[in-house]
Amino acid sequence: MSDPREPAELLLAAGDGDRSAWDALESRFGPRMWAVARACGLSPADAADAVQGSWLRLLQQLESIRDPARVGAWLMTTVRHESLLLLRKERPGISSFEVVDDPDPASAVLEADGRRLLWKTVSTLQEPCRTLLQLVAIDLGSQQMASRLGVPIGSVGPTRARCLEKLRTLISTQEMAQ
């Protein structure tokens, strides 16, 4: 179940050392941060660096966030900035305008809405499915997934298949209800 606290409350609690608040922030904003980094054209490894760098910036600037209620927007802006820094190191001379080439804003909005609905559905799954599908989305290898989930490597594939089937069933049920 997701944490019902508002982003500003989570940020304050995280600043006071509440690990569950950090987890709630990551759960709430992490998938979107990954989507922003990947939309900038980063590889999975570079996207991981951009997302991790953004969390580090939040930790470093925790006391100076002007509008804690908008921490999600702050994180998205920061991950985009981190992504651009990585891209500029990789491809000197790249401009911000070259990063995302999506000429159809309506298409981008529909795609973003679809991703939001997908992650909302994923968040309704029980563990370990919820975490496993987040790890699949960031393209971790089976060894890393097994380590993060605390399961044998041989169980990752079958568990992933069961979780994906549960997700397909939930999505089908939602589509039929519309």
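Some ground rules before we start. Residues are numbered from 1 along each chain as its sequence is written, and side-chain values use heavy atoms, with hydrogens and water left out. Because the model is predicted, local features need pLDDT of at least 70 and side-chain atom pairs count only at pLDDT 80 or more, while totals for chains, interfaces and linings use all residues.

Let's take the whole chain to begin with. It has 9 helices and 0 strands, where helices are DSSP runs of H or I with at least four residues, strands are runs of E with at least two, and numbering goes from the N terminus. Read along the sequence, that gives the pattern α-α-α-α-α-α-α-α-α. Of the 178 residues, 32% are buried, meaning under 20% relative accessible area with a 1.4 Å probe and protein chains only; over 50% is exposed, and partly exposed lies in between. The chain exposes about 11100 Å², with carbon and sulfur atoms supplying 56% of it (Shrake-Rupley method, 1.4 Å probe; for residues, only the protein chains shown count as cover). Among contacts (heavy atoms within 4.5 Å) with a separation of 6 or more, 52% are between residues 24 or more positions apart.

Helix H1 (residues 7-15) packs against H2 at an angle of about 140 degrees, and their axes are 8 Å apart. That makes H1 oblique to H2; on this scale, angles under 35 degrees are roughly parallel, over 145 roughly antiparallel, 65 to 115 roughly perpendicular and the rest oblique. Axes here are lines fitted to C-alpha atoms, for helices over the stretch in contact, and angles run from 0 to 180 degrees between N-to-C directions. On the H1 side, Pro7, Leu10, Leu11, Ala13 and Ala14 make the contact, and H2 brings Ala21, Trp22, Ala24, Leu25, Arg28 and Phe29.

Further along H2 (residues 19-39) sits Val36. Val36 is partly exposed, at a relative accessible area of 22%. Leaving aside residues up to four places away in sequence, Val36 touches Met76, Val79 and Arg80. Take Arg80: it lies 44 residues from Val36 in sequence, yet the two C-alpha atoms are 6.4 Å apart.

The peptide bond from Glu127 to Pro128 is cis, with omega near 10 degrees. H7 itself has Cys129, Arg130, Leu132, Leu133 and Leu135 as its buried residues, and just after H7, Asp139 takes a positive phi of about 65 degrees.

H7 (residues 129-137) has two partners to look at. With helix H8 (residues 142-149), the axes come within 10 Å and cross at roughly 150 degrees, so H7 and H8 are roughly antiparallel. Here Thr131, Leu132, Leu135 and Val136 of H7 meet Met145, Arg148 and Leu149 of H8.

The other partner is helix H9 (residues 156-177), whose axis comes within 10 Å of that of H7 and crosses at roughly 100 degrees. H7 and H9 are therefore roughly perpendicular. Cys129, Leu132, Leu133 and Val136 of H7 make this contact with Val156, Thr159, Arg160, Cys163, Leu164, Lys166 and Leu167 of H9.
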